[in-house]
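Let us walk through this structure together, one region at a time. Please keep the sequence and the model side by side as you read.

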Amino acid sequence: MKKYSPSRKGFYDTEIHGSNIPADSVEITDDEHRALLAAQAQGKIIQPDENGRPVAMEPPAPPAPTYDEQRRAAILAKWPLPAQLEALTEAAESPQRPEKLAALLADIQGIKELYPKPEPATEPEAPAGA
């Protein structure tokens, strides 16, 4: 017999797990088990519903990239790490030829201006006499 534990978000089989099955487990049919695994193979996630029964659903959308991730991606798109290393190495080996390093730094500054760091949230001031 197949079971699903909503607290562990996992499947159990009484023939395999014996009595080592979480107490909150609900019984599911072999067909339900197969359908859920097939849906998972197609990219869905398995979550318990309001009754603790397993259901396949679309995964949540990934969070929006942070400003740091956006800036990092933009810098790496324009200056991949090997190119950055080359600019730094060239400037270190030939200080009289800092053209690549200057271009790298100018591009980084321009990207920082495109993706400014957000201002920290401030708490509203309490009214006078409060």
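Predicted model: local features only at pLDDT ≥ 70, side-chain atom pairs only at ≥ 80, totals over all residues.

Residues are numbered from 1 along each chain as its sequence is written, and side-chain values use heavy atoms, with hydrogens and water left out.

Now look across from Y4. F11 in β2 stands opposite Y4, and F11 is partly exposed, at 24% relative accessible area. A pair of aromatic rings is described by the distance of the centres and the angle of the planes. Rings of Phe, Tyr and Trp (its six-membered ring) pair if their centres lie within 6.5 Å, and planes under 30 degrees apart count as stacked, over 60 as edge-to-face and the rest as tilted. By this rule there is one aromatic pair. Y4 and F11 form that tilted pair, with 5.3 Å from centre to centre and 55 degrees between the planes.

Step back to the strands themselves. Helices (H or I, at least four residues) and strands (E, at least two) are DSSP runs, numbered from the N terminus, and two strands pair if DSSP finds at least two bridges between them. Strand β1 (residues 2–5) pairs with β2 in the antiparallel sense, over four bridges. Along this pairing, S5 stands opposite G10 in β2.

What does K9 do in the hairpin of β1 and β2? The hairpin has four residues between its strands, and K9 takes a positive phi near 50 degrees there. Most residues other than glycine have a negative phi, and most peptide bonds are trans. K9, in the loop between β1 and β2, is partly exposed at 48% relative accessible area.

Follow the chain on to D13, which lies in strand β2 (residues 10–13). At 12% relative accessibility, D13 counts as buried. Its side chain reaches the backbone nitrogen of E15 at 2.8 Å. This is a polar contact, meaning a pair of N or O atoms within 3.5 Å; within protein, one must be able to donate a hydrogen and the other to accept it, and residues adjacent in sequence count only if both atoms are side-chain atoms. Contact in general means heavy atoms within 4.5 Å. Leaving aside neighbours within four places in sequence, D13 is in contact with M1, K2, G18 and I21.

α3 has twelve residues and reaches 17 Å from its first C-alpha to its last, close to the 16 Å expected at 1.5 Å a residue. That expected span is 1.5 Å times one less than the number of residues. Which residues of α3 are buried? They are Y67, R71, A74 and I75. Seen down the axis of α3, these buried residues fall within an arc of 100 degrees, so they line one face of the helix. The arc is that of the directions from the helix axis to the C-beta atoms. The buried residues of α3 pack against α4 and α5. K78 also lies in helix α3, but K78 is exposed, with a relative accessible area of 52%.

Turn now to helix α5 (residues 99–114), whose 16 residues reach 23 Å from first C-alpha to last, close to the 22 Å expected at 1.5 Å a residue. The buried residues of α5 are L101, L104, I108 and I111. They cover an arc of only 90 degrees around the axis, which puts them on the same side of α5. These buried residues pack against α3 (67–78) and α4 (81–93). The face of α5 turned away from its buried side carries the exposed residues E113 and L114.

Finally, visit D31 in helix α2 (residues 30–41). D31 counts as exposed, at 54% relative accessibility. D31 and A61 are 30 residues apart in sequence, and their C-alpha atoms are 28 Å apart in space.

Conventions. Buried < 20%, exposed > 50% of the residue type's maximum accessible area, 1.4 Å probe, protein only.
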